[in-house]
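Here is a short briefing to read alongside the model. Have the viewer open and follow the topics in turn.

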Amino acid sequence: MSTVRYQSAEYGSHPLIFLQSHRPLAGSLRALFSEHRAYFLDTIRLNEAAPAGCMTLAQWSQPENFSRLNTLYSDFIYREHGEQPRENKPLQSLWAQWYFGLVLPPLMMALLLENRALDCSPEHIHVEFHETGRAAAFWIDVQEDEEARYLSPRRRMDRLIQQFLIPAVEGIERHGDINGKLIWSNSGFAVHWFLGELAPLLGAGLHAELEHAFFFSRSLSDGSDNPFYRTMLPRDGEMQRRTCCQRYRLPAVQQCGNCTLKPV
């Protein structure tokens, strides 16, 4: 199981029973990020006191808070285009790309390369928002998810989807300006990209298994719908996102390099 690889390499031939409690989980994750993606530590804070104003999902998704963040972000995006009608769908699409783009890769690395499983329940994660209204950093109260310690990598990813991602997507979608399918499509691209980044550490077999589970399986392990199903599709010999993220509709924001639309 690939989730034991990092600790096994670090501690040599010591039995796993000793590895599991050798170092606090926050310290192990900090070392993991430092070794493989040091920039994560610029936006992911582990067991540090969250500054005033940080909010959990239950807080930022409240109508008054989300509306305020949306207004701040809209004011920033349209700051030099006051005459242009404001579109909330592409605005919230880009907002969600910031949110999940910052937090998803570190959570995936934590769950796939650390022997112990990080508890990704939304109440353990506070978000610090930039003055422009978008997510800027995540302050995680690091606790071990005892139920997930011995789960397979795929089931750990399913747990991440159900425990963290679905509530966050619903927290955005409930306000009525964007549908969840677009958010899942954007996030699916981020997942596919970072799976590729992790491939040398996961091994070809596990990488292929997880790619299939994310994008070609209709259901998660428990039989529930897989929201990432077909968000990435094979086209022209490579995996490509299924739908456009709509960000090009915003002023001074260009199409993605791999946009599904023809040049506009």
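Contact here means heavy atoms within 4.5 Å, and helices (H or I, at least four residues) and strands (E, at least two) are DSSP runs numbered from the N terminus. This is a predicted model, where local features need pLDDT of at least 70, side-chain atom pairs count only at pLDDT 80 or more, and totals for chains, interfaces and linings use all residues. Residues are numbered from 1 along each chain as its sequence is written, and side-chain values use heavy atoms, leaving out hydrogens and water.

**Helix H10**
- The buried residues of H10 pack against helices H7 (88-113), H8 (153-173) and H9 (180-202), and against strands S4 (232-235) and S5 (238-241).
- Those buried residues (under 20% relative accessible area, with exposed over 50% and partly exposed in between, using a 1.4 Å probe and protein chains only) are Leu-206, His-207, Leu-210, Glu-211, Ala-213, Phe-214 and Phe-215.
- Viewed down the axis of H10, they fall within an arc of 165 degrees (taken from the directions from the helix axis to the C-beta atoms), so they line one face of the helix.
- On the other side of H10, Ala-204 and Gly-205 are exposed.

**Helices H6 and H7**
- H6 (residues 63-77) packs on H7 at an angle of about 100 degrees, with the axes 10 Å apart; axes are lines fitted to C-alpha atoms, for helices over the stretch in contact, and angles run from 0 to 180 degrees between N-to-C directions.
- Residues of H6 in this contact include Phe-66 and Tyr-73, and Trp-95 and Trp-98 are among those of H7.

**Asp-145**
- Asp-145 sits in the loop between strand S3 (135-140) and H8, and counts as buried at 5% relative accessibility.
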